[in-house]
2 protein chains.
Amino acid sequence: MLKKKDSYVVAVIGATGVVGHEMVEILQERKFPVKELRLFASERTAGETMNFQDGSLTVRLLNKDAFNGVEIALFSAGEEVSREFAPVAVAAGAVVIDNSAEWRMKPDVPLVVPEVNPDAANKHRGIIANPNCSTIQMVVALKPLHDAARIKRIVVSSYQSVSGTGKEAMDELMDQTKALLSFQDVVSHVYPFQIAFNLLPQIGSFDEQGYSSEEMKLVNETRKILEDDRIQISATTVRVPVFRAHSESVNIETERKLSANEARALLATAPGVLLYDDPQRKVYPTPLDVAGTDEVYVGRIREDLSVESGLTLWIVADNLRKGAALNAIQIAEKLIQAAS
Amino acid sequence: MLKKKDSYVVAVIGATGVVGHEMVEILQERKFPVKELRLFASERTAGETMNFQDGSLTVRLLNKDAFNGVEIALFSAGEEVSREFAPVAVAAGAVVIDNSAEWRMKPDVPLVVPEVNPDAANKHRGIIANPNCSTIQMVVALKPLHDAARIKRIVVSSYQSVSGTGKEAMDELMDQTKALLSFQDVVSHVYPFQIAFNLLPQIGSFDEQGYSSEEMKLVNETRKILEDDRIQISATTVRVPVFRAHSESVNIETERKLSANEARALLATAPGVLLYDDPQRKVYPTPLDVAGTDEVYVGRIREDLSVESGLTLWIVADNLRKGAALNAIQIAEKLIQAAS
């Protein structure tokens, strides 16, 4: 458990990735009580410098001794790094907030979205998992509706930006677009097929039933965070040629009927949600508007014409911020609030 | 009714638009029995020339006398032109196949997809309506499943390319992309917001319940074509920065349970469908692959984990070909087959 202090020694593992960058920026933006910030990365980028507050920090190579004295360790370096180093950090006395999928579904690891299940954070045994980007934004928007009317079933189709894959994918979209505009050959390194001006209905790998790992994250993580295994979920996840912010077309069936206006009233005051819903006046969220912001934007709220008690929503959030770095730091803030 | 002949006088109204262009090309490709082809457009483009077979044709200005001697009139010039000129064409003795929304939901106008409800075409009173692009591809894929297991409910989210809006929209996506890559200001004329590297959850105008006209077309046209008003449909339609081919994430609930393998077997032999479904080997349709082809591609077929009897599918087709021009010409081919 974190001790009450004025400031903390914080480590960011995977600091040079897109989410790591965002973590460093958000720590500064939110005036997180940082006593000392240590940045770690793999051999590929260790040695780079990054700005923080008024100075610049050198990114160090991650190793087993990295965590001596670290109190809060923010991991965003992939599953393998988390598997190997999160236990090392915990043994050194740090609380780990891990952005990989490695620990999320372990029964004794809390999976936390502060607006949804803040209390779970305090039940950690050293590691707290940060959910997947596409899950976070969906549960932030659905939690108030679930509380009010119990969601029985969710059908979600996603429109996910390339930054969810990382910096190389953002470069690939840019490079492919440039190549196409200058009539040159398109090369795909990161994705199996061209992403520029195209869509890829594959995020992650496929299981035997044909579901992608990203789709099953939406199913399993949503149930764990909402603490309700009865919720039935069907997901289709698709990569789109957008740089930043994920969008989701979400259809829910509820036990009690919710009117669109009731849903709007609930979402208007829900934590972390920005209701952005007046389509007649062209008010609906687009990823371009939402990129760089902290809220989960909800628009296009409609009563579902096809069932007795259903709603359809369009949910957009910045996958690097609320979908990753911001949520991790909000978890750390909850821990600090609860520290004694 | 069309008389049996070796060849016909065909008119294309809206010949210089993206669908009109495609119509002219497909008439030639499919060796449609054209005795004479007349091309019409508005003042803006009348006078242009277009290639057909070994010659070139001058596009004429559409007027009331245009249809003298015309036997088959293919309209793709918007609702207003269809409203005004389709009855003129019928009065002049032509059969009209109309690609606009103007006549689709009129009870005495057949709405036809040749693979789905070919017989409806023969019940026309002069005008046959061509369905909306997003509807056509969905019903081609769903018809064999509906016949086998009765579809009770459809939840569909679309990913629609800019060519559905027309040539100006394709230019807008290209121009905005170029502007962004050269750090210039982005201008939006056709769409309300930037479409390059963005998504717009608006296609058409919104009704009071918050549904867009495109979404309600999917609801109403699907019921009419499948001749089953009991099918419940919930649709969300989204414009994506893709030039050509529409994609749809479609979730169905059926009366009888269909396994994914049963669905694959049905779709493997269904007319107009190309089963493209082996995700483990990266076989799934993307709009880039499908653009320029005639079939409705279906992949990502999964049994829905969230209901007893449900399936989830990813359906992609070229919106200018099967979604518009090709379907219209296939209707004309049906009429010729039935002519006596």
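Author: Begin inside one chain of this predicted model. Among the contacts in chain A between residues at least 6 apart in sequence, 66% join residues at least 24 apart.

Reader: How many helices and strands does chain A have?

Author: The secondary structure of chain A consists of 8 helices and 14 strands. The radius of gyration of chain A is 20 Å, close to the 20 Å from the globule rule for 340 residues, so chain A is as compact as a globular protein of that length. Along the principal axes, the C-alpha atoms of chain A fill a box of roughly 60 × 60 × 40 Å.

Reader: What share of the residues of chain A count as buried?

Author: Of its 340 residues, 58% count as buried.

Reader: How do I read the relation between two copies of a chain?

Author: Two copies of a chain are related by a rotation about an axis and a shift along it. Here, chain B is superposed on chain A by a rotation of 180° with 0.0 Å of shift along the axis, at an RMSD of 0.0 Å. That is the relation of a two-fold axis. The same surface serves both copies, as 100% of the contact residues of chain B recur in chain A.

Reader: How many residues of chain B are in contact with chain A?

Author: In chain B, 51 residues are in contact with 51 residues of chain A. Elements of chain B that give two or more residues to this side include β9 (151-159), α4 (167-181) and β14 (310-317). By class, the side of chain B that touches chain A has 27 nonpolar, 17 polar and 7 charged residues.

Note on methods. Residues numbered from 1 in each chain as written. Chains lettered and ligands numbered in written order. Predicted model: local features only at pLDDT ≥ 70, side-chain atom pairs only at ≥ 80, totals over all residues. Least-squares fit on C-alpha atoms with pLDDT ≥ 70 in both. Contact = placed C-beta atoms within 7 Å. Helix = DSSP H or I, 4+ residues; strand = E, 2+ residues; numbered from the N terminus. Nonpolar A, V, L, I, M, F, W, Y, C, P; charged D, E, K, R; others polar. Rg over C-alpha atoms; globule rule 2.2 N^0.38 Å. Buried ≥ 20, exposed ≤ 12 C-beta atoms within 10 Å, placed from the backbone.
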